[in-house]
Amino acid sequence: MNKIRLHNGILMPQLGLGTFLVQDGNVAYETTLHALNVGYRHIDTAQMYQNEASIGQAIKDSGIPREEIFITTKQRGHSTKKKMREQFESSLAKLQTSYVDLYLIHWPNHDKKINQQTWSLFEELYKEGKVKAIGVSNFQRHHIEDLMETATIKPMVNQVELHPGLSQVPLQAYLTREGIALESYGPLMKGGVFEGIWAEGLAKIAEKHQATIAQIIIAWGLARQIIMIPKSVTPSRIEENFNGKDIKLSEEEILTINALNRGKRVYTDPDNSPWGPYAE
Ligand SMILES: NC(=O)c1ccc[n+]([C@@H]2O[C@H](COP(=O)([O-])OP(=O)(O)OC[C@H]3O[C@@H](n4cnc5c(N)ncnc54)[C@H](OP(=O)(O)O)[C@@H]3O)[C@@H](O)[C@H]2O)c1
């Protein structure tokens, strides 16, 4: 499994399992266990997903040493440092671990001072060794620039909506210059990649590689040095998605998929989210 070296030297497996909407209990437990058996060594969860406990149990029961598995979780919302620290400690307890590999601010607040305060807690947790890497999610370039006004540590990762309908080429160019790794979420566009212009464009490439559309998207992201975390609770799809890592696309094919970009969001626009007060 290829790994991305984050700017602090930590190695992050480039392909992982997404777990948004993976129900806590048996589904999250069996899904995680199956993915680990298939070979995944990177699980993406969040406090908001409310499935950390089942994922933690599956990781423990897998018998795979903790240090061989990369766990990402995300701060559920901005609050006082005290409250956020309690939420972080609760994640550790649920995941049955003494550290997480990557901790992300799940969404930016509209008020940059709030983001800056949350980030200062993240820096504390990092310095205390409770997180191996810290990053952000759903941050546009301007959110990162605002964060850096007071930050002493640059985010190591930015996880954003990214798929053939929203290829994020300009954001990737900026992040690459800054040494921040780019992580994709929603790679299948909530099923949109199986319809319309996306299905047409991707099916031709898939046929050539005797692969599925999902696998071609995963291969496209990996070739662009993007961290990919497709979600599935279906055992055969968990395997199918994992095998996407073995497909090598040509430069021309990568550019063809980039050109399917329509600036299309299937998730919330971070600049217009309903969460938090708007800055004046
Ligand atoms: N940071 C954020 O704000 C944020 C937001 C959204 C997501 N995420 C993360 O990113 C991960 C991935 O994004 P996502 O969950 O939105 O969506 P996704 O991975 O793009 O798509 C998941 C959907 O596609 C189906 N699917 C999976 N593999 C397939 C395949 N090979 N063929 C056909 N259908 C397939 C799944 O169905 P089944 O499960 O029924 O198989 C599910 O309905 C999340 O799980 C989460 O970890 C982060």
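# Exercises on cavities, packing and a salt bridge

In this predicted model, the count comes to one cavity of 30 Å³ or more.

**Exercise 1.** State the volume of the largest cavity, name the residues that line it, and divide them by class.

*Solution.* Start with the volume, which is about 50 Å³ for the largest cavity. Next, read off the lining: N138, F139, Q140, V160, E161, Q168, L171, Y185, R265 and P270. Then sort this lining by class, which gives five nonpolar, three polar and two charged residues.

**Exercise 2.** Describe the largest pocket: how much space lies in it, how many residues line it, and which element gives the largest share of the lining?

*Solution.* The space in the largest pocket comes to about 770 Å³. Its lining is made of 33 residues, and those nearest the centre of the pocket are F20, G186, P187, K231 and Y267. Helix 9 (residues 235–243) supplies the largest share of the lining, with three residues. Divided by class, the lining of the largest pocket holds 16 nonpolar, 12 polar and five charged residues.

**Exercise 3.** Determine how helix 7 is oriented against helix 8, and name the residues through which they touch.

*Solution.* Two packed helices are described by the angle between their axes and the distance between the axes. For helix 7 (residues 196–208) and helix 8 (residues 213–223), the angle is about 85° and the axes lie 9 Å apart. Angles of 65 to 115 degrees count as roughly perpendicular, so helix 7 is roughly perpendicular to helix 8. On the side of helix 7 the contact is made by A199, L202, A203, I205 and A206, and on the side of helix 8 by I213, I216 and I217. The class count for this contact is eight nonpolar, no polar and no charged residues.

**Exercise 4.** Repeat the analysis for helix 2 and helix 3: find their orientation and their contact residues.

*Solution.* Helix 2 (residues 52–62) packs on helix 3 (residues 81–95) at an angle of about 40°, with their axes 7 Å apart. The two helices are therefore oblique to each other. In helix 2 the contact residues are E52, A53, I55 and G56, which meet S91, K94 and L95 in helix 3. By class, the contact of helix 2 with helix 3 has three nonpolar, two polar and two charged residues.

**Exercise 5.** Give the number of salt bridges in the structure, then locate the partners of the one between D44 and K74.

*Solution.* There are 13 salt bridges in the structure. One of them joins the side chains of D44 and K74, at 2.6 Å from N to O. D44 lies in strand 4 (residues 42–44) and K74 in strand 5 (residues 70–75).

How values were computed. Residues are numbered from 1 along each chain as its sequence is written. This is a predicted model: local features need pLDDT of at least 70, side-chain atom pairs count only at pLDDT 80 or more; totals for chains, interfaces and linings use all residues. Side-chain values use heavy atoms; hydrogens and water are left out. Axes are lines fitted to C-alpha atoms, for helices over the stretch in contact, and angles run from 0 to 180 degrees between N-to-C directions. Helices (H or I, at least four residues) and strands (E, at least two) are DSSP runs, numbered from the N terminus. Angles under 35 degrees count as roughly parallel, over 145 as roughly antiparallel, 65 to 115 as roughly perpendicular and the rest as oblique. Contact means heavy atoms within 4.5 Å. Ala, Val, Leu, Ile, Met, Phe, Trp, Tyr, Cys and Pro count as nonpolar, Asp, Glu, Lys and Arg as charged, and the others, Gly among them, as polar. On a 1 Å grid over the protein atoms alone, a cavity is a set of points where a 1.4 Å probe fits but cannot get out, and a pocket is an open set with protein on both sides within 12 Å along at least five of seven lines; lining residues have an atom within 4 Å of a point. Grid points are joined across faces, edges and corners, and a volume is the space filled by probe spheres set on the points. A salt bridge is a side-chain nitrogen of Lys or Arg within 4 Å of a carboxyl oxygen of Asp or Glu.
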